[in-house]
Amino acid sequence: MQTKKLTALAVGIGLVTLSACGGSGGGAAADSKTVTLVSHDSWAVSKKVVADFEKRSGYTLKVLEDGDAGQAVNKAILTKDNPQGDVFFGVDNTLLSRALDNGLFQPYTAKGADTVEARYRADQDKHRVTPIDSGDICVNYDKAYFSAHKLTPPTSFDDLTKPAYKNLLVTENAATSSPGLGFLLGTAARYGDGGWPAYWKKLKANGVKVVDGWEQAYNEEFSGSAGGRKAKGDRPLVVSYASSPPAEVVYADPRPATAPTGVATGTCFRQTEYAGLLSNARNTAGGKALIDFLIGKEFQQDMPLNMFVYPVVEGAKVPAVFTEYGPQAGDPQTLAPDRIAAHRDQWVKTWTSLVLK
Amino acid sequence: MALPVAFFGVFFAYPVAAIVARGLRVDGVWRLGRIADVLGQSGIRHVLWFTTWQALASTALTLLVALPGAYVLARYDFPGRHLVRAVVTVPFVLPTVVVGTAFLALVGRGGLLDELWGVRLDTTVWAILLAHVFFNYAVVVRTVGGLWAQLDPRQEEAARMLGASPFAAWRKVTLPALGPALAAATLMVFLFTFTSFGVVQILGGPTFSTLEVEIYRQTSEIFDLSTAAVLTLVQFAAVGAILAVHAWTVRRRESALRLVDPALTARRPRGARQWTLLGAVLATVALLVVLPLAVLVRRSLDAPGLGYYRALTRDDGGTFLVPPIQAVGNSLQYALAATAIAVLIGALAAAALARRDAGRLVRGFDALLMLPLGVSAVTVGFGFLIALDEPPLDLRSSWILVPLAQALVGVPFVVRTMLPVLRAVDGRLREAAAVLGASPWRVWREVDLPLVRRALLVAAGFAFAVSLGEFGATVFIARPDNPTLPVAVARLLGRPGDLNYGQAMALSTILMVVCAVALLVLERLRTDRSGEF
């Protein structure tokens, strides 16, 4: 009896292995009716919007989420000769030059590209990428802390170095975290090549704390977020996104009347995310249709509450919860992708030796 | 033997070689000069130095804290002993994302140490060392304790009778017998702490970096593949050396010791001293292992009416394309497939290694099978991406990639569990069966299989638990429509908002319970002569 069971087990194992090998080819086959989107794992969209795209275009949408933004770009570059999909979405201005220099994308001018607001456009002579969304990296503050201490929250980069805000700010490692890098770039844009290291010296003297990633800064160290409150975070200022306050509202049950956190509007750096048709895409027709769809009104208006970013096309409506809880920065800092490309590595090196060592 | 070799060649050696070559070969020319360049950087030398000394310190601390535990769990019989054994093993199979978070709650701000004495250890090296103890406690308890339970206590008693003090008796009789197991445990802990990733990343802050963390940063963030390749080779060499020493001690350990049934050696603690020791060990386990895990559970229950758990079943099209609870089913399916592969490959390898006529080459393969435990997951993951993308091996978009990657980590555990048992099978039984006309297959089925059945099940259970918790390689290849539990946890932790955080805690708790149950079942099945884990 025992032996029979075991034989069955052995046969079972064999079958699993066999079926595993047999099933391997199926998923990879190029299928002109399927269009594959490669993105990072912050990709999110309403089901209905996807269904509408599939119905209108006749393509089935397959999505491949590939780690965080930096990882996803690197993986796409590594696999560019035999890409995992047709369209890549999610390369931002801080990494755009890496993608373009490595020949990740082929030119395509999307239908509706003229509706994209001019300030978001990039690569205008070759049209290899299309802007899809934008978001601001800003210092967030814990409202409860500042009202309990009868202190005005900071509003600008300069404020952060004032004695009143000593030991209050936590930020991310600029070498390994995209908001950390964004904040560094924000200061570089604000104070210029010569000025930003001096600014960071002051920030360091004022007790800025640096942790490795956003999760830790926001969920553990920051006193204003849901996770940070439970972890008894003691830093009331954190480098996060302008959209974090509305996220604190949308993902709370029951929804609070006001967001527990606010944004220091003068500390923002604008990130824009782009999509492009991959160089060796199998289904270029489907890929083109997908890019058109990504800058279409339906997707653009669905984005904010799913990915917590802002639309880039003219006239796209932003949900009320966004305007109510997350004021958009009036005048964010920004840098052109080629300027970032030219300086990023050196700036990060200087920053590391200045702040971490 | 052919199948395990092919498996490791295709799914480990080839992808890793491909990614290393990608980093060191530019335009068809090998750039071996990069090796000297990279090793010449003071930053890299600092990383190497830190990697080594923190591993040494972690290993010493782990032995210090865990040896009393190994003794108590081996020799004392008390209610809940099996539960304690299972509980201390849970951290070992939990993904580090989860554990790092839990541990921060213990030693970080507002943690227990902070509340009692105002001591905070986060972003200090102490947090890293303590977390390594937390992770590797089970390795010592299982490796050393497993053997300890089977040593005949009468030998030590005889020495006492002859006038030796308790300590002298222990030092002269028990310690030498435990030596090889101690050496094996020391090396395993050293291996795991030398290649530590999640713990250092989460608890160490940006100023501490091990080789493994640096490989990850260079590959995944900075995209400097040549530096990553050099570091991979360095880690490879170091791990190879550790494993060579390990293989040597394991072989020594299998020298004949008179072993007895563990059930006969354990007895109720007697007298104040023994009860104190038991109390101290249980208190250590409670503080070091149970408390961080309890923090996770408590945080998962923070919403009224199990709100976070209920949210797991909701399909809002938000963070995932599916309700997060489906990750449980995905994880179980992947882990089952990975277990099947790991058991098949591992058992075949163990059978080949256990043959008495196995040559030096085959025995060398023993150490080779352990290499995946010491090679950076990001290297394997990236290797899979660029190596397994063409027919006939176009597996990149196939679901089987995840179980394959997980099986790589599971196989060493299967081999380590099966090997001692297989070696203990009396060869004469096989010969007798063969003489009586049984075919080799029949000999295996009728002689070996009944003897190793329990070891096989224990091995399967371990491979299952390890597969469930595997994160590093899985995160590179898991697909969005079917994330595994650890991947789902990491993704939820990566988004702001109360519900996401709470769901991450709830999913972690579920993962923990599934692992604990698998391990408890294992406890019931433990073989008489168990392997190292």
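A:Glu172 stands opposite A:Val211 in strand β7 of chain A, in a model that is predicted. The two strands concerned, β6(A) and β7 (residues 209-211), run parallel and are joined by three bridges.

**Strand β6 of chain A and its neighbours**

- β6(A) also pairs with strand β8 (residues 237-241) of chain A, in the parallel sense and over two bridges.

**Strand β3 of chain A**

- Strand β3 (residues 87-92) of chain A is largely enclosed by the rest of the structure, because six of its six residues are buried.
- β3(A) pairs with strand β1 (residues 34-39) of chain A in the parallel sense, over two bridges.
- A:Phe88 in β3(A) is the bridge partner of A:Val38.
- β3(A) also pairs with strand β10 (residues 269-278) of chain A, this time in the antiparallel sense and over five bridges.
- For A:Asp92, the bridge partner in β10(A) is A:Glu273.

**Salt bridges**

- Over all chains, the structure holds 14 salt bridges.
- Side chains of opposite charge can pair when their charged atoms come close.
- One of these salt bridges joins A:Asp52 to A:Lys48, with 3.0 Å between the closest N and O atoms.
- A:Asp52 and A:Lys48 lie four residues apart in helix α2 (residues 47-57) of chain A, so about one helical turn separates them.
- An α-helix has 3.6 residues a turn, so residues three or four places apart point the same way.
- A:Lys48 is exposed, at a relative accessible area of 57%, while A:Asp52 is partly exposed at 22%.
- A:Lys48 and A:Asp52 belong to a network of salt bridges that also links A:Arg56 and A:Glu298.
- A further salt bridge is formed by the side chains of A:Lys111 and A:Asp292, at 3.7 Å from N to O.
- This pair links distant parts of the chain, 181 residues apart: A:Lys111 is in the loop between β4 and β5 of chain A, and A:Asp292 is in helix α10 (residues 284-294) of chain A.
- A:Lys111 counts as exposed at 62% relative accessibility, whereas A:Asp292 is buried at 16%.
- A:Asp159 and A:Lys162 form a salt bridge in which the closest N and O atoms are 2.7 Å apart.
- A:Asp159 counts as buried, because its relative accessibility of 10% is under the 20% cut-off.
- A:Lys162 is partly exposed, with a relative accessible area of 41%.

**Positive phi angles in loops of chain A**

- A:His127 has a phi near 55 degrees, a positive value in a residue other than glycine.
- A:His127 is in the loop between β4 (105-106) and β5 (130-142) of chain A, and with a relative accessible area of 29% A:His127 is partly exposed.
- A:Lys150 is not a glycine either, yet has a positive phi of about 50 degrees.
- A:Lys150 lies in the loop between α5 (143-148) and β6 (169-172) of chain A.
- A:Lys150 counts as exposed, because its relative accessibility of 78% is over the 50% cut-off.

- Helix α21 (residues 440-469) of chain B has 30 residues, but only 37 Å separates its end C-alpha atoms.
- A straight helix would reach 44 Å at 1.5 Å a residue, and α21(B) falls short of that.
- α21(B) has a kink of about 55 degrees at B:Leu449, shortly before the proline B:Pro450.
- Elsewhere in chain B, a nonpolar patch on the surface is formed by B:Leu116, B:Trp117 and B:Val119, which together have about 340 Å² of accessible area.
- B:Leu116 is in helix α6 (residues 112-117) of chain B and is exposed, with a relative accessible area of 52%.

Notes
Residues are numbered from 1 along each chain as its sequence is written. Chains are lettered from A and ligands numbered from 1 in the order in which they are written. This is a predicted model: local features need pLDDT of at least 70, side-chain atom pairs count only at pLDDT 80 or more; totals for chains, interfaces and linings use all residues. Side-chain values use heavy atoms; hydrogens and water are left out. Patches are made of residues with over 30% relative accessible area and no salt bridge: like charges are joined within 9 Å, nonpolar side chains (Val, Leu, Ile, Met, Phe, Trp, Tyr) within 5 Å. Accessible areas come from the Shrake-Rupley method with a 1.4 Å probe; for residues, only the protein chains shown count as cover. A salt bridge is a side-chain nitrogen of Lys or Arg within 4 Å of a carboxyl oxygen of Asp or Glu. Buried means under 20% relative accessible area, exposed over 50%, partly exposed in between (1.4 Å probe, protein chains only). The expected span of a helix is 1.5 Å times one less than its number of residues. The bend at a residue is the angle between axes fitted to the seven residues ending there and the seven starting there. Two strands pair if DSSP finds at least two bridges between them.
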